[in-house]
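Welcome, and please have your viewer ready. We will walk from one selection to the next and look at what is there.

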Amino acid sequence: YILRNAMWGTLPDAILSRQGPTPLLPLFSRGMERERDVVQTCVKDARAVWRKYVRPDWLMDRLKVTLTPETDGPEAVVSWLCISTEAWFRSANIADTSA
């Protein structure tokens, strides 16, 4: 309610009156496809930060699956988090000193 009122006059009525959640899958899929080189670099780096938290074989398997509304869910979010975290670490030049 608060967010809808805050966006009144900015967002179209069709979006403000929507009752269900906004699917992020199309945006996620487009970004993963457009930035394929970045994704591959982040995934293949043996020193990647995400490897402390997610098994590499698990992530590799998830990235091979074509994302559709049926395959959307928490696993897609974890994949995105792994890649975006690594990309952020790289762009911020944050060195991982715990390895």
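Axes here are lines fitted to C-alpha atoms, for helices over the stretch in contact, and angles run from 0 to 180 degrees between N-to-C directions. Helices are DSSP runs (H or I, at least four residues), numbered from the N terminus. The model is predicted: local features need pLDDT of at least 70, side-chain atom pairs count only at pLDDT 80 or more, and totals for chains, interfaces and linings use all residues. Residues are numbered from 1 along each chain as its sequence is written, and side-chain values use heavy atoms, with hydrogens and water left out.

**Stop one: α5 and α6**

Select residues 56-64, helix α5, and residues 74-91, helix α6; their axes come within 10 Å and cross at roughly 115 degrees. The two helices are therefore roughly perpendicular to each other (65 to 115 degrees counts as such). Now show the side chains in contact (heavy atoms within 4.5 Å): α5 brings W58, L59, R62 and L63, while α6 brings E75, V78, S79, C82 and I83. By class, these residues are 6 nonpolar, 1 polar and 2 charged (Ala, Val, Leu, Ile, Met, Phe, Trp, Tyr, Cys and Pro count as nonpolar, Asp, Glu, Lys and Arg as charged, and the others, Gly among them, as polar).

**Stop two: α4 against α6**

Pick V38, V39, T41, C42 and V43 in α4, which meet I83, E86, A87 and R90 in α6. This contact divides into 6 nonpolar, 1 polar and 2 charged residues.

**Stop three: the largest pocket**

Which residues lie nearest the centre of the largest pocket? Select M32, R62, L63, K64 and V65, which belong to a lining of 20 residues. A pocket is an open set of points on a 1 Å grid over the protein atoms alone, where a 1.4 Å probe fits, with protein on both sides within 12 Å along at least five of seven lines; lining residues have an atom within 4 Å of a point. Colour α3 (25-34), α4 (36-44), α5 and α6, each of which supplies at least two lining residues. The largest share, 5 residues, comes from α4.

Conventions:
Parallel < 35°, antiparallel > 145°, perpendicular 65-115°, else oblique.
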